Amino acid sequence: MRSIAFAAALAATTASAQMPMPDKAPDKAATTLNDRLAGDIAPTHDPVIIREGDTYHVYSTGLGDGPDRIIAHRVSRDLVHWEKAATPLAALPDWATRAIPGAGNAWAPDISRVGGRYRLYYSISTFGSNRSAIGLLTSPTLDPDKPGYGWRDEGPVVMSTRSDDYNAIDPNFIAGRDGRHWLALGSFWSGLKLFALDPATGKLLNAGTRPVSIARRPAPAGAPAPVEAPFIVDHGGWYWLIASYDYCCKGNASTYYTVVGRSRAVTGPYLGRDGSTMMAGGGTVLLRADLPEKDRFRGPGHAGHFRDADGTDYLVYHAYDRENKGTPTLRLVRLRWDADGWPAAR
């Protein structure tokens, strides 16, 4: 999520965040899911999606000053009409405010179900800093009306400091086919990393071990290296690493785009269709801004994957809406696999 410019973009979009988007009826002539999205879809930044029963849940970075300012939560029954729902975290835990002074909300949550409980990882940081932490919440259900509902703070999972060469934000959980569990993370600095997790707790398997590097954007010393928001998908005997390149958080001027690479191992190396390695800024473009003739949604990125019960794959992400003052907006698209086994967002 985090370019240094996010603070300015947040200030510019906060006013929009206080005003709900119009809940207009979807256009019957619309041909894509994105064309039909309606209801409370903005401001949405760094979304992730999961389904429980007949309800889809989207969690995203907390924006604005309302009850979902820490972590935002939206629900839908049809993937089209979205409405606000109860936040899983109404205030930052004490450990987070002590560890990261100045933090005001939680960024880039990740949601999965493991061993009978939902695990929601989230980031705590301040703009432009790698003094950061990833925390963990768990609950047996996402439905406040079900018995046992309630998010339990499991505390910090991993932290980074100014002496580290990575930034502990933008988490994503992946379970390998061999039973090993991993947490991908990272933004700028030396790129995207992978930590081994204890399957029983969701915490680091071995505290103090160095992470595995899975993607980076080489840059001259002292220059920014914009790569962030890892998400790993298991499909077709390959692991697919989705990542965002260039700059988010600049409204209509955002240059974010999304790439993908694949590997036989969770730990990489991840290569694009052309053989380019994501350890050198390679990969294959998966999401890009609208073409000039349309030119509405800019900077699509921070994508998360979701596989529905019928096997349909989706990508959820945000993009900046030129027709709404560059407000970050929920986007959702089918992910289809071509004859060569590569994904396309359509």
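Me: Which residues are linked with Asp40 in a network of salt bridges?

Reply: Asp68, Arg74 and Lys84 are linked with Asp40 in that network. Before we go on: this is a predicted model, where local features need pLDDT of at least 70 and side-chain atom pairs count only at pLDDT 80 or more, while totals for chains, interfaces and linings use all residues. Residues are numbered from 1 along each chain as its sequence is written, and side-chain values use heavy atoms, with hydrogens and water left out.

Me: What makes the contact of Asp40 and Arg74 a salt bridge?

Reply: A salt bridge is a side-chain nitrogen of Lys or Arg within 4 Å of a carboxyl oxygen of Asp or Glu. For Asp40 and Arg74 the N to O distance is 2.6 Å, so the pair meets the definition. The structure holds 17 salt bridges.

Me: Why is the pair Asp40 and Arg74 said to tie parts together?

Reply: Asp40 lies in the loop between strand 1 (38-39) and strand 2 (48-52), whereas Arg74 is in strand 4 (residues 71-76), so the pair joins parts that are 34 residues apart in sequence. Strands here are DSSP runs (E, at least two residues), numbered from the N terminus. Both Asp40 and Arg74 are buried, a word that means under 20% relative accessible area, with exposed over 50% and partly exposed in between (1.4 Å probe, protein chains only).

Me: Why are Arg152 and Glu154 called partly exposed?

Reply: Arg152 has 43% relative accessibility, which falls between the two cut-offs, so it counts as partly exposed. Glu154 has a relative accessible area of 24%, so it too is partly exposed. Arg152 and Glu154 also form a salt bridge, their closest N and O atoms being 2.8 Å apart.

Me: How do you know that Asp164 has no salt bridge, and is it buried or exposed?

Reply: Asp164 is buried. The nearest side chain of opposite charge, Arg210, is 4.2 Å away; Lys and Arg count as positive and Asp and Glu as negative, while His and the chain ends are not counted. A salt bridge has to be within 4 Å, so Asp164 has none. Arg210 is still among the residues that Asp164 touches, along with Asn130, Met159 and Trp189, not counting residues up to four places away in sequence; here contact means heavy atoms within 4.5 Å.

Me: What does Arg210 pair with in a salt bridge?

Reply: The side chain of Arg210 meets that of Asp165 at 3.2 Å, N to O. Arg210 lies in the loop between strand 12 (192-197) and strand 13 (212-215) and Asp165 in the loop between strand 9 and strand 10, so the pair ties together parts that are 45 residues apart in sequence. With a relative accessible area of 56%, Arg210 is exposed, whereas Asp165, at 31%, is partly exposed.

Me: What makes the link between Asp274 and Ser276 a polar contact?

Reply: A polar contact is a pair of N or O atoms within 3.5 Å; within protein, one must be able to donate a hydrogen and the other to accept it, and residues adjacent in sequence count only if both atoms are side-chain atoms. The side chains of Asp274 and Ser276 make such a contact at 2.6 Å. Asp274 sits in the loop between strand 16 (257-263) and strand 17 (284-287), and its 62% relative accessibility is why it counts as exposed.

Me: Why are strand 14 and strand 17 said to stand at the edges?

Reply: Four strands form an open antiparallel sheet in the order 14-15-16-17. Strand 14 (227-235) and strand 17 each have a single partner strand, so one side of each is left without a neighbour in the sheet.

Me: How do you know that strand 16 pairs with strand 17?

Reply: Two strands pair if DSSP finds at least two bridges between them. Strand 16 and strand 17 have three bridges, in the antiparallel sense, so they pair. Thr258, for instance, has Leu287 in strand 17 as its bridge partner, and Val259 stands opposite Val285.

Me: Why is strand 16 called largely enclosed?

Reply: Five of its seven residues are buried, so strand 16 is largely enclosed by the rest of the structure.
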